[in-house]
Amino acid sequence: MWIYLVAPFIGLGAGILGSMFGLGGGFLIVPLLNIAGVDIRIAIGTSASAIFFNMLSSTIAYSRYRYVMYRAGFLLSTASIVTAYFGAQLTEVIDPDLLKTVFGFVLILVGLRMIITSSSSASEKRMLEWSLRNYVVLVLGGCLAGFMAGFLGVGGGIVNVPLLTSLGFSMHYAVATSSMAITITSITSALTHHTLGNVDLGLLIFLVPSLVIGAQIGASIAKKTKSVTLKRGFAIVMWFIALRMILKGLGFNVP
């Protein structure tokens, strides 16, 4: 019963960080719920459903700031919806532990690159040149994000945000657009877990209000934060996710 008392605090923290960095918040919700005694399947399913409300609130906030690149968000989300299904199906025939370990180390390198290049924020752009190359890059990036989400159970933001910043965008636009993309793709994940019976509706009710509030707070903090600082913070959060993936891939019993 006490889990319902701590759920709002978990939701608030996940809402703030998930919104600030365009990652959803599942990276925090799932392990904390599991540590609190919630079955891992229920933790994942409930988190998947809660992320929709978190990212919807985040997208609304960033839309007011005019940070969301809608066309890029739709390209990322449409591509990821398709490949998420195939990624999930591959877990039946391929052991994901090795890929978790490898991908974890890749994330560490990506985070390092973001920190090294953070000083070049003066050249960041606001408008995307809609060339064929950029269309292809966004679609392929969305495919990779969806595949990783389905195969490894990680949020698409860990691919979306570095991809968008590599195209020259400031973290504010990358985070906002990633939030929009995750809002759309999380619908499929939420419905799937609901049909599997992995969603604790009572727990979800206690998570959602603070997630929504946290997303508004996180977007407000991000707006007032320099792009360089956001990049460095994103890299630190990415390293946390990477370390957890590596440990799980190596067989350690981590939530």
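Residues are numbered from 1 along each chain as its sequence is written, and side-chain values use heavy atoms, with hydrogens and water left out. Because the model is predicted, local features need pLDDT of at least 70 and side-chain atom pairs count only at pLDDT 80 or more, while totals for chains, interfaces and linings use all residues.

The protein chain contains 10 helices and zero strands. Helices (H or I, at least four residues) and strands (E, at least two) are DSSP runs, numbered from the N terminus. The pattern along the sequence is α-α-α-α-α-α-α-α-α-α. The radius of gyration, taken over C-alpha atoms, is compared with a globule rule of 2.2 Å times the number of residues to the power 0.38. For 255 residues, a compact globule would have a value near 18 Å; the protein chain has 17 Å, which agrees. The C-alpha trace spans about 50 × 40 × 30 Å along its principal axes.

Burial is assigned from relative accessible area: buried means under 20%, exposed over 50%, and partly exposed in between (1.4 Å probe, protein chains only). By this scheme, 51% of the 255 residues count as buried. Accessible areas come from the Shrake-Rupley method with a 1.4 Å probe; for residues, only the protein chains shown count as cover. The accessible surface of the protein chain is about 11,900 Å². Carbon and sulfur atoms account for 71% of that surface.

Contact means heavy atoms within 4.5 Å. Among contacts with a separation of 6 or more, 85% join residues 24 or more positions apart. Lys and Arg count as positive and Asp and Glu as negative, with His and the chain ends not counted. Each charge is placed at NZ of Lys, CZ of Arg, CG of Asp or CD of Glu. There are 16 positive and 7 negative side chains, and the centres of the two sets lie 17 Å apart.

A nonpolar core is a set of buried Ala, Val, Leu, Ile, Met, Phe, Trp, Tyr and Cys residues joined through side-chain atoms within 4.5 Å. The largest such core has 62 residues. Leu33, Leu138 and Leu207 have the most contacts inside it. Beyond residues up to four places away in sequence, Leu33 touches Ile3, Ile10, Val38, Ala43, Leu203 and Leu207.

Asn54 sits in helix α3 (residues 40–64). Its relative accessible area is 0%, so Asn54 counts as buried. With residues up to four places away set aside, Asn54 touches Ala14, Gly15, Gly18, Gly24, Gly25, Leu211 and Ala215. Ser179 lies in helix α8. Ser179 is likewise buried, at 0% relative accessibility. Outside four places in sequence, Ser179 contacts Ser19, Gly22, Met55, Ser58, Thr59 and Tyr62. Ser179 and Ala149 are 30 residues apart in sequence, and their C-alpha atoms are 15 Å apart.

Helix α7 (residues 157–166) is largely enclosed by the rest of the structure, because nine of its 10 residues are buried. The buried set includes Asn160, Pro162 and Thr165. Gly168 follows α7 and has a positive phi, near 105°. Phe169 is in the loop between α7 and α8 (171–195). Phe169 is buried, with a relative accessible area of 0%. Its C-alpha atom is 9.7 Å from that of Ser227, 58 residues away along the chain.

Arg66 is in the loop between α3 and α4 (70–90). Arg66 is exposed, at 72% relative accessible area. Its phi is near 65°, a positive value in a residue other than glycine. Asp200 lies in the loop between α8 and α9. Asp200 is partly exposed, at 26%. Leaving aside neighbours within four places, Asp200 contacts Tyr4, Ile42 and Thr46. The C-alpha atoms of Asp200 and Thr46 are separated by 5.9 Å, although the two are 154 residues apart along the chain.

Thr225 is found in the loop between α9 (201–223) and α10 (227–249). Thr225 is buried, with a relative accessible area of 18%. Not counting residues up to four places away, Thr225 touches His172 and Leu230.
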